Amino acid sequence: MSLAKDAETGQRGYLITGETSYLEPYNIALANIDKQVKTLEQLTADNPAQQARIPALKNRIADRLKILQEGLALRKENGFEAAREMILTGRGKDEMDELRRQIDEMVQSSEATARGGLATLGPCIQCRGLKQPNCRSFCPGHGCSIYFPVSSLLAFPRHSRSRDP
């Protein structure tokens with residue numbers, strides 16, 4: 001998700017200022033999103049449910065990037081007000097919200113798989129006694145939750161940029 005947010009941030013900076021230097025996060029995101037999705041495909045190769053979600057995720061990412069590009073073109077060709085009017089339609093926000101929803105579904109599915117389907121059982125006995133109902137999110141002291149690396153990949157981490165040539 002971070003790269004999608006970076007693309008959105010870069011676009012927003014350019015739309016507001018008209019300065020191309022603000023497009024750096026956008027350009028970096030564009031250069032890395034496909035790599036992230038390919039890595040996701042590789043990491044989930046043994047999970048048919050996650051593999052089935054990837055085409056829809058790719059389409060949603062492409063749709064969001066297309067909307068960002070349309071906004072950039074409007075700003076460049078027709079100025080700030082034209083881009084502002086496009087943003088006010090809410091189409092870009094709707095696409096980003098849907099992208100977030102899809103990623104959240106994939107993360108939740110991965111976390112449930114990592115826990116062996118125990119996600120619906122609630123907090124572990126230790127956390128129930130301590131009245132910690134959210135231990136399902138992260139509870140390293142009791143081992144009642146497993147952090148699944150795919151969930152961080154699904155969030156399009158920033159740190160992966162430093163590994164790319």
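**Close-up views of a predicted model**

**View 1. Helices α3 and α4.** The axes of α3 and α4 cross at roughly 155 degrees and come within 6 Å. Axes are lines fitted to C-alpha atoms, for helices over the stretch in contact, with angles from 0 to 180 degrees between N-to-C directions. That crossing makes α3 roughly antiparallel to α4 (over 145 degrees). From α3, the contact (heavy atoms within 4.5 Å) takes I67, E70, G71, L74, R75 and N78; from α4, F80, A82, A83 and M86. These residues divide into six nonpolar, two polar and two charged; Gly counts as polar.

The model is predicted: local features need pLDDT of at least 70, side-chain atom pairs count only at pLDDT 80 or more, and totals for chains, interfaces and linings use all residues. Residues are numbered from 1 along each chain, and side-chain values use heavy atoms, without hydrogens and water.

**View 2. Helices α1 and α2.** Helix α1 (residues 2–17) and helix α2 (residues 24–43) have axes that come within 7 Å and cross at roughly 155 degrees. That makes α1 roughly antiparallel to α2. L3, A4, D6, A7, G10 and Q11 of α1 meet P25, Y26, A29, N32, I33 and Q36 of α2. Seven residues of this contact are nonpolar, four polar and one charged.

**View 3. The largest pocket.** Its volume is about 300 Å³. Of the 20 lining residues, Q11, R12, L15, R64 and I87 are the closest to the pocket centre. Lining residues have an atom within 4 Å of a pocket point. Helices α1, α3 (48–78), α4 (80–88) and α5 (91–114) each give two or more residues to the lining. The lining holds nine nonpolar, four polar and seven charged residues.

Notes: Helices (H or I, at least four residues) and strands (E, at least two) are DSSP runs, numbered from the N terminus. Angles under 35 degrees count as roughly parallel, over 145 as roughly antiparallel, 65 to 115 as roughly perpendicular and the rest as oblique. On a 1 Å grid over the protein atoms alone, a cavity is a set of points where a 1.4 Å probe fits but cannot get out, and a pocket is an open set with protein on both sides within 12 Å along at least five of seven lines; lining residues have an atom within 4 Å of a point. Grid points are joined across faces, edges and corners, and a volume is the space filled by probe spheres set on the points.
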